[in-house]
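Student: I'm new to this structure and would like to learn how to read its strands and helices. Could you walk me through it?

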Amino acid sequence: MDGDAAAVADEERVFEAMGFKAANIDGEEARAAEIPIPMIPTELEDDLRDVSILVDDKAPEEPLLDWDRDHPDVSVGSVFPSMYDFRLAVKQHAIENEFELRTEHSDTKRFRGSCKANGCPWLIRASSQHDNSVRVQINTLEHQCSSKCRLEGTMASQAWVAERAIPLLKRKHNMGAKEVQEALQDKYKININYQTVYYSTQRAADKLFGKWDDSWDWLYRFKAEVELRSPGSVVEIDTVQDGDKVRFSRFFYAYKACIDGFLNGCHPYLSIDSTTLNGQWNGHMPAAMALDGHNWMFPLAFGFFDSETKDNWIWFMQQLLKSI
Ligand SMILES: [Zn+2]
(Lines give C-alpha, C1' and ligand atoms only; values in the text may rest on other atoms or scores of the structure.)
Protein backbone atom coordinates (compact mmCIF):
# COMPACT_ATOMS: atom_id res chain seq x y z
CA MET A 1 0.00 0.00 0.00
CA ASP A 2 2.67 2.41 1.08
CA GLY A 3 4.73 1.51 -1.91
CA ASP A 4 1.80 2.16 -4.29
CA ALA A 5 0.97 5.52 -2.76
CA ALA A 6 4.55 6.57 -3.06
CA ALA A 7 4.61 5.45 -6.67
CA VAL A 8 1.49 7.47 -7.52
CA ALA A 9 2.84 10.52 -5.77
CA ASP A 10 6.09 10.17 -7.64
CA GLU A 11 4.35 9.81 -10.92
CA GLU A 12 2.34 12.92 -10.26
CA ARG A 13 5.44 14.83 -9.36
CA VAL A 14 7.16 13.67 -12.50
CA PHE A 15 4.19 14.69 -14.62
CA GLU A 16 4.04 18.04 -12.94
CA ALA A 17 7.75 18.57 -13.41
CA MET A 18 7.31 17.82 -17.09
CA GLY A 19 4.51 20.34 -17.34
CA PHE A 20 1.86 17.76 -18.23
CA LYS A 21 -0.45 18.51 -15.38
CA ALA A 22 -0.63 22.20 -16.16
CA ALA A 23 -1.17 21.45 -19.82
CA ASN A 24 -4.04 19.08 -19.03
CA ILE A 25 -5.81 21.58 -16.81
CA ASP A 26 -5.45 24.33 -19.38
CA GLY A 27 -6.74 22.00 -22.06
CA GLU A 28 -9.79 21.05 -20.03
CA GLU A 29 -10.67 24.62 -19.28
CA ALA A 30 -10.28 25.60 -22.89
CA ARG A 31 -12.51 22.75 -24.03
CA ALA A 32 -15.16 23.55 -21.47
CA ALA A 33 -15.30 27.12 -22.73
CA GLU A 34 -15.38 26.12 -26.35
CA ILE A 35 -17.54 24.33 -28.83
CA PRO A 36 -17.97 20.53 -29.13
CA ILE A 37 -14.90 18.38 -29.25
CA PRO A 38 -13.94 17.24 -32.71
CA MET A 39 -13.28 13.55 -33.26
CA ILE A 40 -9.62 14.10 -34.07
CA PRO A 41 -7.74 16.61 -31.95
CA THR A 42 -7.18 19.63 -34.14
CA GLU A 43 -3.47 19.75 -33.50
CA LEU A 44 -3.18 16.22 -34.77
CA GLU A 45 -5.44 17.00 -37.67
CA ASP A 46 -3.20 19.89 -38.66
CA ASP A 47 -0.14 17.72 -38.35
CA LEU A 48 -1.67 15.05 -40.55
CA ARG A 49 -2.61 17.62 -43.11
CA ASP A 50 0.86 19.15 -43.08
CA VAL A 51 2.36 15.74 -43.66
CA SER A 52 0.03 15.06 -46.56
CA ILE A 53 0.98 18.25 -48.35
CA LEU A 54 3.85 18.01 -50.75
CA VAL A 55 6.31 20.73 -49.94
CA ASP A 56 9.24 21.56 -52.12
CA ASP A 57 11.90 22.11 -49.51
CA LYS A 58 14.62 22.40 -52.09
CA ALA A 59 13.53 25.65 -53.69
CA PRO A 60 16.86 27.50 -53.50
CA GLU A 61 15.81 31.08 -54.19
CA GLU A 62 12.38 32.00 -53.04
CA PRO A 63 10.99 35.31 -54.13
CA LEU A 64 10.57 37.97 -51.48
CA LEU A 65 7.03 37.62 -50.29
CA ASP A 66 4.82 40.59 -50.06
CA TRP A 67 1.13 40.99 -49.82
CA ASP A 68 -1.59 43.50 -50.44
CA ARG A 69 -2.06 45.35 -47.14
CA ASP A 70 -5.52 46.59 -48.04
CA HIS A 71 -6.94 43.60 -49.87
CA PRO A 72 -4.97 40.58 -48.74
CA ASP A 73 -5.62 37.29 -50.46
CA VAL A 74 -6.09 34.69 -47.74
CA SER A 75 -7.37 31.88 -49.93
CA VAL A 76 -5.86 28.40 -49.61
CA GLY A 77 -2.26 28.34 -50.77
CA SER A 78 -1.54 32.00 -50.10
CA VAL A 79 1.82 32.46 -48.44
CA PHE A 80 2.88 35.24 -46.07
CA PRO A 81 6.40 36.17 -44.98
CA SER A 82 5.71 35.51 -41.31
CA MET A 83 3.02 34.68 -38.78
CA TYR A 84 2.94 38.36 -37.87
CA ASP A 85 2.12 39.28 -41.45
CA PHE A 86 -0.48 36.58 -41.70
CA ARG A 87 -2.24 37.77 -38.56
CA LEU A 88 -2.34 41.30 -39.94
CA ALA A 89 -3.65 39.97 -43.23
CA VAL A 90 -6.43 37.90 -41.74
CA LYS A 91 -7.54 40.83 -39.60
CA GLN A 92 -7.59 43.06 -42.63
CA HIS A 93 -9.55 40.37 -44.46
CA ALA A 94 -12.12 40.36 -41.66
CA ILE A 95 -12.43 44.13 -41.72
CA GLU A 96 -12.71 44.23 -45.47
CA ASN A 97 -15.37 41.55 -45.48
CA GLU A 98 -17.16 42.98 -42.49
CA PHE A 99 -17.18 40.00 -40.20
CA GLU A 100 -15.76 39.50 -36.78
CA LEU A 101 -12.82 37.17 -36.50
CA ARG A 102 -12.51 34.78 -33.60
CA THR A 103 -8.98 33.67 -32.94
CA GLU A 104 -9.22 30.12 -31.73
CA HIS A 105 -5.55 29.41 -31.63
CA SER A 106 -2.57 31.55 -32.39
CA ASP A 107 1.09 30.89 -31.82
CA THR A 108 4.25 31.25 -33.85
CA LYS A 109 3.52 28.09 -35.83
CA ARG A 110 -0.24 27.93 -36.26
CA PHE A 111 -3.30 30.03 -36.57
CA ARG A 112 -6.91 28.89 -36.36
CA GLY A 113 -9.67 31.40 -36.75
CA SER A 114 -13.37 31.37 -37.37
CA CYS A 115 -16.27 33.73 -37.85
CA LYS A 116 -17.75 34.97 -34.59
CA ALA A 117 -21.29 34.97 -35.92
CA ASN A 118 -23.49 32.24 -34.48
CA GLY A 119 -23.42 29.10 -36.59
CA CYS A 120 -21.35 30.59 -39.39
CA PRO A 121 -19.10 27.85 -40.81
CA TRP A 122 -16.30 30.08 -42.09
CA LEU A 123 -12.93 29.10 -40.77
CA ILE A 124 -9.32 29.61 -41.63
CA ARG A 125 -6.18 27.69 -40.77
CA ALA A 126 -2.63 28.57 -41.50
CA SER A 127 0.66 27.17 -40.40
CA SER A 128 4.28 28.08 -40.74
CA GLN A 129 6.53 26.32 -43.19
CA HIS A 130 10.17 25.29 -43.06
CA ASP A 131 11.35 28.83 -43.84
CA ASN A 132 8.96 30.44 -41.33
CA SER A 133 6.71 31.73 -44.06
CA VAL A 134 3.07 31.03 -43.36
CA ARG A 135 0.74 29.23 -45.71
CA VAL A 136 -3.04 29.21 -45.63
CA GLN A 137 -4.09 25.57 -45.38
CA ILE A 138 -7.84 25.89 -45.09
CA ASN A 139 -10.26 28.65 -45.88
CA THR A 140 -13.85 27.59 -46.29
CA LEU A 141 -14.48 30.93 -48.01
CA GLU A 142 -18.26 30.89 -47.55
CA HIS A 143 -19.92 32.79 -44.78
CA GLN A 144 -23.48 31.98 -43.89
CA CYS A 145 -23.80 34.83 -41.49
CA SER A 146 -25.20 38.30 -41.95
CA SER A 147 -22.46 40.09 -40.07
CA LYS A 148 -22.42 42.99 -42.45
CA CYS A 149 -22.65 45.54 -39.70
CA ARG A 150 -20.20 48.23 -38.82
CA LEU A 151 -17.63 46.60 -36.61
CA GLU A 152 -16.78 47.99 -33.25
CA GLY A 153 -13.12 48.01 -32.54
CA THR A 154 -12.30 44.42 -31.84
CA MET A 155 -10.72 43.71 -35.21
CA ALA A 156 -8.55 46.76 -35.41
CA SER A 157 -5.55 45.79 -33.35
CA GLN A 158 -2.74 48.17 -32.57
CA ALA A 159 -0.56 46.43 -35.12
CA TRP A 160 -3.24 46.80 -37.75
CA VAL A 161 -3.80 50.47 -37.04
CA ALA A 162 -0.07 51.20 -36.79
CA GLU A 163 0.48 49.62 -40.19
CA ARG A 164 -2.09 51.99 -41.67
CA ALA A 165 -0.98 55.02 -39.71
CA ILE A 166 2.51 54.87 -41.24
CA PRO A 167 1.54 56.17 -44.69
CA LEU A 168 -0.60 58.86 -43.04
CA LEU A 169 2.31 60.02 -40.88
CA LYS A 170 4.63 59.95 -43.86
CA ARG A 171 2.42 62.50 -45.55
CA LYS A 172 1.84 64.57 -42.43
CA HIS A 173 4.46 64.13 -39.72
CA ASN A 174 2.61 65.73 -36.86
CA MET A 175 -0.72 64.03 -37.42
CA GLY A 176 -2.40 63.45 -34.09
CA ALA A 177 -4.23 60.34 -32.96
CA LYS A 178 -7.61 61.99 -33.41
CA GLU A 179 -6.89 62.78 -37.03
CA VAL A 180 -5.53 59.29 -37.67
CA GLN A 181 -8.67 57.83 -36.11
CA GLU A 182 -10.93 59.90 -38.35
CA ALA A 183 -8.93 59.09 -41.48
CA LEU A 184 -8.98 55.33 -40.83
CA GLN A 185 -12.63 55.22 -39.79
CA ASP A 186 -13.51 57.06 -42.92
CA LYS A 187 -11.44 54.83 -45.18
CA TYR A 188 -12.27 51.44 -43.69
CA LYS A 189 -15.74 52.15 -42.37
CA ILE A 190 -15.01 50.82 -38.93
CA ASN A 191 -15.01 52.26 -35.45
CA ILE A 192 -11.66 52.13 -33.73
CA ASN A 193 -11.38 53.19 -30.16
CA TYR A 194 -9.27 56.19 -29.41
CA GLN A 195 -6.84 54.42 -27.12
CA THR A 196 -5.95 51.87 -29.79
CA VAL A 197 -5.35 54.65 -32.26
CA TYR A 198 -3.30 56.62 -29.75
CA TYR A 199 -0.86 53.78 -29.06
CA SER A 200 -0.80 52.72 -32.68
CA THR A 201 0.04 56.21 -33.86
CA GLN A 202 2.88 56.28 -31.38
CA ARG A 203 4.07 52.91 -32.63
CA ALA A 204 3.94 54.10 -36.22
CA ALA A 205 5.83 57.28 -35.35
CA ASP A 206 8.47 55.26 -33.49
CA LYS A 207 8.90 53.09 -36.54
CA LEU A 208 9.17 56.06 -38.89
CA PHE A 209 11.19 58.54 -36.86
CA GLY A 210 12.69 56.50 -34.00
CA LYS A 211 11.65 56.68 -30.38
CA TRP A 212 11.57 59.96 -28.48
CA ASP A 213 13.59 58.36 -25.68
CA ASP A 214 16.33 57.43 -28.11
CA SER A 215 16.70 60.98 -29.35
CA TRP A 216 18.68 61.84 -26.19
CA ASP A 217 21.29 59.38 -27.33
CA TRP A 218 21.51 61.23 -30.63
CA LEU A 219 22.41 64.56 -29.05
CA TYR A 220 26.16 64.03 -29.36
CA ARG A 221 25.76 63.01 -32.98
CA PHE A 222 23.70 66.14 -33.51
CA LYS A 223 26.48 68.21 -31.92
CA ALA A 224 29.15 66.56 -34.08
CA GLU A 225 27.10 67.03 -37.23
CA VAL A 226 26.37 70.70 -36.55
CA GLU A 227 30.02 71.40 -35.75
CA LEU A 228 31.05 69.62 -38.93
CA ARG A 229 28.56 71.30 -41.26
CA SER A 230 28.55 74.69 -39.63
CA PRO A 231 31.88 75.41 -37.95
CA GLY A 232 31.68 78.19 -35.43
CA SER A 233 28.31 77.04 -34.14
CA VAL A 234 28.09 76.41 -30.43
CA VAL A 235 26.41 73.20 -29.27
CA GLU A 236 26.88 72.32 -25.63
CA ILE A 237 25.58 69.30 -23.74
CA ASP A 238 25.94 69.21 -20.00
CA THR A 239 25.59 65.99 -18.04
CA VAL A 240 25.52 64.90 -14.42
CA GLN A 241 26.96 61.79 -12.85
CA ASP A 242 24.25 59.66 -11.24
CA GLY A 243 25.90 56.67 -9.58
CA ASP A 244 27.66 54.89 -12.42
CA LYS A 245 25.40 56.50 -15.01
CA VAL A 246 25.83 59.72 -16.92
CA ARG A 247 22.58 61.60 -17.27
CA PHE A 248 21.55 64.46 -19.47
CA SER A 249 21.33 67.73 -17.60
CA ARG A 250 21.11 70.68 -19.98
CA PHE A 251 21.64 71.74 -23.54
CA PHE A 252 22.53 74.88 -25.47
CA TYR A 253 22.87 75.69 -29.12
CA ALA A 254 23.53 78.75 -31.28
CA TYR A 255 24.14 78.33 -34.99
CA LYS A 256 27.01 80.15 -36.64
CA ALA A 257 24.60 81.85 -39.04
CA CYS A 258 22.56 83.17 -36.13
CA ILE A 259 25.64 84.34 -34.27
CA ASP A 260 26.92 86.18 -37.37
CA GLY A 261 23.48 87.58 -38.07
CA PHE A 262 23.23 88.92 -34.55
CA LEU A 263 26.73 90.42 -34.50
CA ASN A 264 26.50 91.99 -37.93
CA GLY A 265 22.90 92.81 -38.60
CA CYS A 266 20.99 93.28 -35.36
CA HIS A 267 20.42 95.93 -32.77
CA PRO A 268 22.65 95.43 -29.72
CA TYR A 269 19.72 94.05 -27.86
CA LEU A 270 18.82 90.60 -26.57
CA SER A 271 15.58 89.40 -25.12
CA ILE A 272 16.05 86.35 -22.95
CA ASP A 273 13.40 84.22 -21.32
CA SER A 274 12.33 80.63 -21.02
CA THR A 275 9.12 78.81 -21.69
CA THR A 276 7.73 75.71 -20.00
CA LEU A 277 7.84 72.45 -21.90
CA ASN A 278 4.89 70.18 -21.29
CA GLY A 279 4.18 66.66 -22.37
CA GLN A 280 6.25 63.56 -21.98
CA TRP A 281 9.31 65.48 -20.79
CA ASN A 282 8.84 68.51 -18.65
CA GLY A 283 11.41 71.21 -18.40
CA HIS A 284 12.21 74.67 -19.61
CA MET A 285 13.36 75.99 -22.92
CA PRO A 286 15.40 79.19 -22.58
CA ALA A 287 15.87 81.31 -25.67
CA ALA A 288 17.76 84.43 -26.64
CA MET A 289 16.12 86.60 -29.29
CA ALA A 290 17.46 89.66 -31.05
CA LEU A 291 15.85 92.32 -33.23
CA ASP A 292 17.10 92.73 -36.77
CA GLY A 293 17.22 95.89 -38.91
CA HIS A 294 13.48 95.66 -39.60
CA ASN A 295 12.80 95.25 -35.89
CA TRP A 296 11.80 91.67 -36.60
CA MET A 297 12.55 88.87 -34.22
CA PHE A 298 15.87 87.20 -34.90
CA PRO A 299 16.57 83.93 -33.07
CA LEU A 300 20.06 83.61 -31.63
CA ALA A 301 20.20 80.72 -29.19
CA PHE A 302 18.06 78.06 -27.55
CA GLY A 303 18.51 75.52 -24.82
CA PHE A 304 16.84 73.02 -22.49
CA PHE A 305 17.11 72.61 -18.78
CA ASP A 306 14.96 71.03 -16.12
CA SER A 307 13.97 74.16 -14.22
CA GLU A 308 14.72 77.83 -13.87
CA THR A 309 17.37 77.61 -11.19
CA LYS A 310 20.05 80.23 -10.75
CA ASP A 311 22.63 77.61 -11.64
CA ASN A 312 20.88 76.73 -14.89
CA TRP A 313 20.50 80.36 -15.92
CA ILE A 314 24.15 81.10 -15.16
CA TRP A 315 25.16 78.12 -17.29
CA PHE A 316 22.95 79.30 -20.17
CA MET A 317 24.32 82.85 -19.98
CA GLN A 318 27.89 81.54 -19.92
CA GLN A 319 27.29 79.59 -23.12
CA LEU A 320 25.62 82.59 -24.68
CA LEU A 321 28.54 84.84 -23.77
CA LYS A 322 30.92 82.29 -25.25
CA SER A 323 28.94 82.31 -28.51
CA ILE A 324 28.96 86.05 -29.10
ZN1 LIG B 1 -19.46 34.59 -41.00
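Student: In which sense do strand β9 and β10 pair, and over how many bridges?

Tutor: Keep in mind that this is a predicted model. Strand β9, residues 283-291, pairs with β10 in the antiparallel sense, and five bridges join them.

Student: What should I look for in the hairpin of β9 and β10?

Tutor: Five residues lie between the strands, and Asn295 takes a positive phi near 65 degrees.

Student: Which residues of strand β7 and strand β10 pair up, and in what sense?

Tutor: Residues 245-254 form β7 and residues 297-304 form β10; their pairing is antiparallel, over three bridges. Here Phe252 stands opposite Gly303 in β10.

Student: Now the helices. At what angle do helix α5 and helix α6 pack?

Tutor: A crossing angle from 65 to 115 degrees counts as roughly perpendicular. Helix α5 (residues 158-171) and helix α6 (residues 177-188) pack at about 105 degrees, with axes 10 Å apart, so α5 and α6 are roughly perpendicular to each other. On the α5 side the contact uses Val161, Arg164, Ala165 and Leu168, and on the α6 side Val180, Ala183 and Leu184. By class, that gives six nonpolar residues, one charged and no polar.

Student: How do the axes of helix α4 and α5 cross?

Tutor: Helix α4 covers residues 83-96, and its axis comes within 10 Å of that of α5, crossing at roughly 85 degrees. This pair is therefore roughly perpendicular too. Leu88, Lys91 and Gln92 of α4 meet Ala159, Trp160 and Glu163 of α5. Three of these contact residues are nonpolar, one is polar and two are charged.

Note on methods
Residues numbered from 1 in each chain as written. Predicted model: local features only at pLDDT ≥ 70, side-chain atom pairs only at ≥ 80, totals over all residues. Pairing = 2+ DSSP bridges. Helix = DSSP H or I, 4+ residues; strand = E, 2+ residues; numbered from the N terminus. Axes fitted to C-alpha atoms, helices over the stretch in contact; angles between N-to-C directions. Parallel < 35°, antiparallel > 145°, perpendicular 65-115°, else oblique. Contact = placed C-beta atoms within 7 Å. Nonpolar A, V, L, I, M, F, W, Y, C, P; charged D, E, K, R; others polar.
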